[in-house]
Amino acid sequence: GLGATLFTQASSITVMGAMVLVQRGLVPLEQAILIMLGATVGTTLKAWVFAIPFTVLGPVLVGLSSALL
């Protein structure tokens with residue numbers, strides 16, 4: 001759920017996709033609930049990242065990107 005939300009940039013798309021998978025019997029309901037929970041967590045994390053001032057986030061992103069190179 002978290003990965004799908006980060007990829008699609010919309011938790012509602014992830015939730016609707018999980019509901020379709022349950023309806024077609026491809027995913028059990030318990031797993032779909034976890035997908036939806038992950039989508040909600042992804043949306044919350046995205047909001048937290050945008051709420052952090054860029055003066056704080058900038059050096060962290062520069063350090064992280066240089067460490068990954």
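**View 1. Val15 sits in helix H2.** This is a predicted model, in which local features need pLDDT of at least 70, side-chain atom pairs count only at pLDDT 80 or more, and totals for chains, interfaces and linings use all residues. Residues are numbered from 1 along each chain as its sequence is written, and side-chain values use heavy atoms, with hydrogens and water left out. Helices here are DSSP runs of H or I with at least four residues, strands are E runs of at least two, and both are numbered from the N terminus. Val15 has a relative accessible area of 22%, so the residue is partly exposed. On this scale buried means under 20% relative accessible area, exposed means over 50%, and partly exposed lies in between (1.4 Å probe, protein chains only). Leaving out residues up to four places away in sequence, Val15 touches Met36 and Ala39. Contact means heavy atoms within 4.5 Å.

View 2. The C-alpha atoms of Gly17 and Ile35 lie 9.5 Å apart. Along the chain these two are 18 residues apart.

**View 3. Helix H2 packs with helix H3.** H2 covers residues 11-23 and H3 covers residues 29-51. Their axes come within 9 Å and cross at roughly 175°. H2 is therefore roughly antiparallel to H3. Axes are lines fitted to C-alpha atoms, for helices over the stretch in contact, and angles run from 0 to 180 degrees between N-to-C directions. Angles over 145 degrees count as roughly antiparallel, under 35 as roughly parallel, 65 to 115 as roughly perpendicular, and the rest as oblique. From H2 come Ser11, Thr14, Val15, Ala18, Met19 and Val22. They meet Leu29, Ala32, Ile35, Met36, Ala39 and Thr43 of H3. The contact residues divide into nine nonpolar, three polar and no charged. Nonpolar covers Ala, Val, Leu, Ile, Met, Phe, Trp, Tyr, Cys and Pro; charged covers Asp, Glu, Lys and Arg; the others, Gly among them, are polar.

View 4. The 13 residues of H2 should span 18 Å at 1.5 Å a residue, and its end C-alpha atoms are 18 Å apart, which agrees. The expected span is 1.5 Å times one less than the number of residues. Buried residues in H3 are Ala32, Gly38, Ala39, Gly42 and Lys46. Just after H2, Gly25 takes a positive phi of about 80°.

**View 5. The chain has four helices and zero strands.** Its pattern along the sequence is α-α-α-α. Of its 69 residues, 16% are buried. Mean pLDDT, the predictor's confidence in each residue from 0 to 100, is 83 for the chain. Confidence is lowest in H1 (residues 2-8), at a mean of 64, and highest in H2, at 88.
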